[in-house]
Amino acid sequence: MDWSEFLRIFNDCELDGNKIIIKSKLREVINFVIANYTYNMLKEIIANDKGEGKTELIYHFYSTDDEEDMFISITVDGEVESIADIFKSAAADENEIYDLFGVKFIGNENLKRLYMPEDWKGFPLRKDYIQDDTRLAWNDDNNV
Amino acid sequence: MTITTFKLNLGPQHPSTHGVLRLVLELEGEKILSCEPDIGYLHRGMEKMAERISYIQYLPTVDRIDYLAGCFYSELLCRIVENALGVELPDKVRAIRVMLLELNRIASHLLWVGAFLMDLGAVSPFFYAFREREMILRYFEKLTGQRMMYNYFVFGGVRKDIDYLGDVEEIISILPEKIDDYEKIITENPIFLRRTKGKGMLDIDTALNYAVTGVNLRASGMDYDTRRSDYLYRGFDFGVVILDEGDAWARYKARIMEMRESVNIIHQALEYLKISPALEQKLINPVNLKLPAGDYYAEIEAPRGLASCFVRSTGEDKPYRLKWRTGSYYSVNLLRKILVGEYLNDAIAIAGSLDIILPEVDK
């Protein structure tokens with residue numbers, strides 16, 4: 001794929017192989033990419049805890065016409081715009097990331113605890129999640 | 001007259017939900033207005049577990065992500081490690097892996113055929129399908145010591161040399177005629193046709209938007225099968241089943257046809273293995289195994305759609321982060337869309353036709 005046009009418009013992005021590292025304007029970037037390139041499937045969203053409350057989100061796109069994968073990476077500080085209205089599969093991924101990392105997706109109304117019970121405290125895939133601490137599980141607020 | 005709507009819980013103990021899936025259906029009479037899947041009953045923290053134990057300790061657990069097709073997830077984790085260390089597999093190991101993966105795919109599809117027909121109220125196909133599946137499981141038990149959680153693929157190769165090839169030969173000589181038998185009973189059966197034809201229509205755009213992959217996508221007319229570009233399948237000659245209808249019947253038919261293709265692939269692997277010399281492989285020493293720092297990604301065409309694994313390593317003996325992508329997770333999400341406007345008694349047929357398995361969803 002030819003990314004020169006993309007890099008001209010979004011000039012603070014970095015291109016690293018088939019991975020684009022952006023700093024902001026996630027929705028603008030994704031709207032631009034699906035309008036100008038053939039990516040028609042969001043395979044998954046991968047989240048990584050970067051520490052200090054920061055989470056890296058990697059959006060994994062795929063083009064069935066060109067048979068090419070592409071990754072867009074953005075590091076967010078607790079919240080980011082939802083793209084569930086562009087790709088319906090993102091709704092499921094965003095819910096999973098909300099449950100396990102505590103990232104809020106603005107615009108996604110259906111965020112809820114998915115794997116964890118509704119009264120569970122803490123987000124287990126974060127690196128600062130305290131394991132074996134009974135305060136995190138099931139207990140009432142008095143024990144905190 | 002006022003129209004009242006009400007909510008109905010389908011599951012989590014309902015037998016046709018194949019595990020523990022709870023669907024909250026909003027109904028008007030028997031018509032479904034909305035569907036809200038509730039998952040997480042089987043969550044075992046597979047991803048968190050990976051961050052605490054070494055790669056070789058983690059390897060036996062990954063079979064449990066999808067207990068009907070465990071080989072595929074072992075293969076993914078092995079592939080991550082092999083790619084990271086730049087290990088090239090010998091041809092014989094590739095052939096062994098392909099043969100076992102395809103046998104596993106057939107076993108998984110057979111169970112699905114039985115369970116799907118059971119959902120629709122036909123009991124006998126369940127026993128027929130399990131009879132043939134039993135042959136495959138017996139073979140796996142002989143070879144690996146386990147019927148479902150094989151743990152046979154290891155980093156850089158397989159646990160031991162392939163054996164009992166006569167059993168495989170028998171399985172693939174019997175299977176095509178048995179599949180013919182299923183087709184005689186099921187495919188043109190008027191009751192089956194009434195319950196599946198035109199039910200749960202899925203067009204390509206919706207399927208791609210919901211990231212549905214695998215047979216469900218190919219039964220809607222999209223030609224996407226990662227086996228084509230898979231290095232493991234290099235040198236194998238096989239077709240990809242693509243049907244245009246996009247209904248529950250097409251998804252059934254596609255799985256039946258895919259089993260025949262798998263038999264074809266196993267034939268080729270078997271011909272190669274029969275004449276190949278004893279196994280020579282260089283296994284990766286799993287003790288204190290460290291992957292170089294970086295991101296690794298691998299994917300494979302599992303029976304329930306595209307499965308992939310992402311690993312971020314910081315150079316330690318444990319992954320910093322490991323993520324699984326499973327096909328069923330997105331099929332469950334699709335239920336929100338595909339069930340709306342259908343009737344309650346079709347909901348079972350439609351959800352069944354997507355081949356959802358819950359341990360894969362909950363991870």
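**Close-ups of chain B and its contact with chain A**

**View 1. The area buried between the two chains.** Chain B and chain A bury about 3100 Å² between them, and carbon and sulfur atoms give 50% of this area. The model is predicted. Chain B brings 34 residues to the contact. Chain A brings 37 residues.

View 2. Seven salt bridges are found between chain B and chain A. One of the salt bridges joins Lys43(A) to Glu299(B). The closest N and O atoms of Lys43(A) and Glu299(B) lie 3.1 Å apart. Polar contacts link 22 residue pairs across the interface of chain B and chain A, both residues being at pLDDT 80 or more.

**View 3. The side of chain B that touches chain A.** Several elements of chain B give two or more residues to this side, including strands E3 (31-38), E6 (294-302) and E8 (321-325). Helices also take part, among them H1 (46-50), H8 (204-209), H11 (327-338) and H13 (358-362). E7(B) gives the largest share, four residues. By class, this side of chain B has 15 nonpolar, 13 charged and six polar residues.

**View 4. The fold of chain B.** Chain B has 13 helices and eight strands. Its C-alpha atoms fill a box of roughly 75 × 45 × 35 Å along the principal axes. The radius of gyration of chain B is 21 Å, which agrees with the value near 21 Å for a compact globule of 363 residues. Of the 363 residues in chain B, 60% are buried. Among contacts in chain B with a separation of 6 or more, 70% join residues 24 or more positions apart.

Notes
Residues numbered from 1 in each chain as written. Chains lettered and ligands numbered in written order. Predicted model: local features only at pLDDT ≥ 70, side-chain atom pairs only at ≥ 80, totals over all residues. Heavy atoms only, no water. Contact = heavy atoms within 4.5 Å. Buried area = accessible area lost by both parts, 1.4 Å probe. Salt bridge = Lys/Arg side-chain N within 4 Å of Asp/Glu carboxyl O. Polar contact = N/O pair within 3.5 Å; in protein donor to acceptor, adjacent residues only side chain to side chain. Nonpolar A, V, L, I, M, F, W, Y, C, P; charged D, E, K, R; others polar. Rg over C-alpha atoms; globule rule 2.2 N^0.38 Å. Buried < 20%, exposed > 50% of the residue type's maximum accessible area, 1.4 Å probe, protein only.
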